[in-house]
Amino acid sequence: MHSPDNQIFKDLKVIELASVLAGPAVGMFFAELGANVIKIENKLTGGDVTRHWKLPEEPVDHSSSAYFYAVNWHKQHRFMDLTQPDDRQQLLDLVKEADILIANFKAGAARKLGLDSRLLRELNPRLIYASISAYGEDDPRPGFDVAIQAETGWIHMNGEPDRPPVKLPVALMDLLAAHQLKSGILTALYNREKSGKGAEVTVSLFDTGIASLANQAANWLNMGHLPGRMGSLHPNIAPYGEIFETLDGKLLILATGTARHFESLCELLEIPEIAKDARFSSNQQRLLHRPALAEMLGAAIKRFTAADLLQKCLEFEVPLAPVRNLQEVFELPEARDMILEEIHPDGSLSRRVQTVVFKIKP
């Protein structure tokens, strides 16, 4: 369906020596913006490991999994054994003309192969060598997203009260690390325009996990507030994150971030007295009396159908949203417009969602 028409990086050559999610997501970012992205895959292992991460219902004879398709759109794929002189020389020839190299080697592996930043930047001083590691360039510990989620506090906070913690449903540490690396690469590209010199850009999943804790980290660092599992609830705002069922059995989630939102919500639900109740007179009071407030709001919301309530919230400018599954999401025209399709040499068709969604206007 839709394909990005912003070709701002059409003159860039990017080499991707990365697998799984974080590094390939960075490569796809540049591919979506017109860069020539050459993905080097290990021919001894059948390529990127995610090619084989298939759902039970995926055809076994397909060359790649749906997971692989997620972040590998519009790339050239070359299969090499970098321990072999001929293949390694082919890669070095590509490096000489490249602008960016994206890698996620295990600790010490790049040096062992003669593909570390120092050597490749001697070969091409304008090269931006961008690498992702789990815990840091010299830390040998293997790291997958779920381990980083656990070690940086995310899993401990996630889930329902009185139930075991759970991981997030996407590999968010990988995706956030990809955003960090993109920021570093773009900064290095900007600096290269002035200096003419390349750079080495590194990021770890662990540092990314810590850096993304935002208000939860600040709550702990400033107030000693140790966040527990609250489901979808917000630790600083109420009502925010509460999920209610409507008359027709639909689930809606509240996001009332201001006092005006709360007062308007009570008005449209025809319970204005709730907003005047001393227990709910301020955000802090609403946090203290959250269960009682949720019970009252739930009873009022149960009198409306989802469509009627969403229309009322639109009129009163109250943030309320339906809880959709992915089938319902991709029935939306605006979501369908973000699907990127690709036809492969064997004639098969793959789909994934566009990852570059910002717009630059002259």
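Here are some questions and answers about how a few terms apply to this predicted model.

The model is predicted, so local features need pLDDT of at least 70, side-chain atom pairs count only at pLDDT 80 or more, and totals for chains, interfaces and linings use all residues. Residues are numbered from 1 along each chain as its sequence is written, and side-chain values use heavy atoms, with hydrogens and water left out.

Q: Why is asparagine 219 called buried?
A: Buried means under 20% relative accessible area, exposed over 50%, and partly exposed in between (1.4 Å probe, protein chains only). Asparagine 219 has 14% relative accessibility, so it counts as buried.

Q: What makes valine 201 a buried residue?
A: Its relative accessible area is 12%, and that is why valine 201 is called buried.

Q: Which residues does valine 201 contact, leaving aside neighbours within four places in sequence?
A: Contact means heavy atoms within 4.5 Å. Among the partners of valine 201 are Ile128, Ala130, Leu181 and Ala188. The C-alpha atoms of valine 201 and alanine 130 are separated by 4.6 Å, although the two are 71 residues apart along the chain.

Q: Where does valine 201 lie?
A: Valine 201 belongs to strand β6, residues 199-204. Strands (E, at least two residues) and helices (H or I, at least four) are DSSP runs, numbered from the N terminus.

Q: How do you know that β7 and β8 pair?
A: Two strands pair if DSSP finds at least two bridges between them. Here 4 bridges join β7 to β8 (residues 251-255), and the two run antiparallel. Phenylalanine 244 stands opposite leucine 252 in β8.
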